[in-house]
Amino acid sequence: MIRLDGRTLTLPSLSQVCSGATVLVDESARLRAIDGQWAAERIAAVRPLYARNTGVGANRDQPSDDDAPTDHGLAILRSHAAGWGDCLAPRRIRCALAIRANQMLAGGSGADVDLALALASLADGPEGDLPQVHRNGALGTSDLTALAEVGMTLLGERPRANGDRRLSYAMRSVDALPLMSSHAFTLADGALGCLDLQRLSQVALTVCALSWVALKGNLEAVGHAVRTVTPFPGAIFVASHMTNLLATQGIEPIHLQDFFGLRTWPQVHGPLIDRLADLQFVVETSINTSSENPVFLTGPDESAAHHGAFQAAYLALALDASLLALTRSARSGQSRIAHLLTDSTTGLPRFLADVREGSSGLLIGEYVAGSAMASIRDHASSPASVQTISISAGVEDDASFASVAASRFPPAVASYRRLLAVELVCAVRALRLRGTPLHGLLNEAFDACAGLPNGMADRDVEPDFSAAEELLDHPPLAPSSFAR
């Protein structure tokens, strides 16, 4: 059960919502949202408020039609529901709905609290009742098209996933823009992408440790001195964790100092862990904040403010930085794969193949890892946050493009998973060839890989890689929770 209170929603809680956990609304948050609703109504009676009694965009200074006040906001909603491309997966829609409800419960939207309750109800309702939401259409200045599609579904003007068009919520005109004034779908992509990469970044430590033993790497590269000369939280964590995994393995190193895929692992994987921590902070701050424009303050300082919190520069930069950091970790894994397959100094057969001349063994692993690496680079090489645009007669003359950055996470995560799977298959085969006894947590991880296909004769190895991907989701390779 996940309780929405507008203040304490976390990424792990959102993950539970995506898995169908019951969503409840905190009573104090409900009352806070009602206070915001009343404040908005009082303020709107005495001054212009964007989209409540004015147009939007370049029409910001034009008053709305006084003869049709109940239609103005709904007309804005209908005119913005122009998303396009593929429809989002149910788990991402659930996540976004919970985020939007939670933000409204922070109390600054001025919207009817029943709207937040309706969104919360959808978040844990039947999959067929979810709105159909298209991925594209946002510029990083609120997810206008996606949230307008949600509004159209609530009104019964767009079909749900099951094709039903029944009316489920009688939305007030003045609540249309507050509904749309959020990055809920971009934040959902960022939240789920962050969770996926945090888990895989932990898995990568175990996979690297298996490779380290197979390659007989030098433990000085993760020793106490490293934690002194690379005093960054992520690097310190990586070095400490690798020491815990490797110190009892009795490795006799081959080289005085190893190739970079081993020797610089704390320095290249640590930044990924740190950037993901930054991303988690930005996302969790954003999902517990009233960022609607205008925003309403209640109490003795009751007021309304028009502002620029829709400009998601913090989020865009955190997303881009995480993807850039991912390239460094992935490149290190690609390096280890190459050395497991072709480094003659290891004493392992080339391509980890059998004794028959010309055998390919796991040769194709380098190709698969290379294609995964290319995909990751492709999604990180042109940071979305450097883009800009000027629209609406120059009134909106910059955009964060956070939505574009967030959309790159699913394919980048998928590519990283495949690269880790290839390394795991290579490391396990190398360890089987060596017959090296393992100890502690690393032995548990190796034993968990017992189901990977055995034998060295050339065969279809795609099932090996697919089976390894499945292992990445389960202990002891995958931690039950991320902890730095």
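Visitor: In what kind of crossing, left-handed or right-handed, does H8 pass H13?

Guide: H8 passes H13 in a left-handed crossing. A crossing is left-handed if the near helix is turned anticlockwise from the far one by less than a right angle, and right-handed if clockwise. Please note that this is a predicted model, in which local features need pLDDT of at least 70 and side-chain atom pairs count only at pLDDT 80 or more, whereas totals for chains, interfaces and linings use all residues. Residues are numbered from 1 along each chain as its sequence is written, and side-chain values use heavy atoms, with hydrogens and water left out.

Visitor: What makes H8 roughly parallel to H13?

Guide: The axes of H8 (residues 184-215) and H13 (residues 313-342) cross at roughly 20° and come within 11 Å. Angles under 35 degrees count as roughly parallel, over 145 as roughly antiparallel, 65 to 115 as roughly perpendicular and the rest as oblique. H8 is therefore roughly parallel to H13. Axes here are lines fitted to C-alpha atoms, for helices over the stretch in contact, and angles run from 0 to 180 degrees between N-to-C directions.

Visitor: Which residues make the contact of H8 with H13?

Guide: Contact means heavy atoms within 4.5 Å. Among the residues that make this contact are Leu 187, Gly 190 and Leu 197 of H8, and Leu 319, Leu 326 and Arg 336 of H13. By class, the residues of the contact are 9 nonpolar, 4 polar and 1 charged. Ala, Val, Leu, Ile, Met, Phe, Trp, Tyr, Cys and Pro count as nonpolar, Asp, Glu, Lys and Arg as charged, and the others, Gly among them, as polar.

Visitor: Why is H8 called roughly parallel to H16?

Guide: H8 and H16 pack at an angle of about 20°, with their axes 9 Å apart. That angle makes H8 roughly parallel to H16. H8 passes H16 in a left-handed crossing, and the contact has 17 nonpolar, 2 polar and 5 charged residues.

Visitor: Why are H8 and H17 called roughly perpendicular to each other?

Guide: The angle between H8 and H17 is about 95°, and their axes are 10 Å apart. The two helices are therefore roughly perpendicular to each other. In this packing, Thr 206, Ala 209, Leu 210 and Val 213 in H8 meet Leu 442, Ala 445 and Phe 446 in H17. The contact has 6 nonpolar, 1 polar and no charged residues.

Visitor: How do you know that the buried residues of H17 are on the same side?

Guide: The buried residues of H17 (residues 440-448) are Leu 442, Ala 445 and Phe 446. They cover an arc of only 100° around the axis, so they lie on the same side of H17. What covers them includes H8, H10 (233-246) and H16 (409-434).

Visitor: Why does Gly 108 count as buried?

Guide: Buried means under 20% relative accessible area, exposed over 50%, and partly exposed in between (1.4 Å probe, protein chains only). Gly 108 has 3% relative accessibility and therefore counts as buried. Gly 108 is in the loop between H4 (90-104) and H5 (113-123). Leaving aside neighbours within four places in sequence, Gly 108 is in contact with Ser 290, Glu 292, Pro 294, Val 295 and Phe 296.

Visitor: How many helices and strands does the chain have?

Guide: The chain has 18 helices and 6 strands. Helices (H or I, at least four residues) and strands (E, at least two) are DSSP runs, numbered from the N terminus. Of the 484 residues in the chain, 54% are buried.

Conventions. Arc of directions from axis to C-beta.
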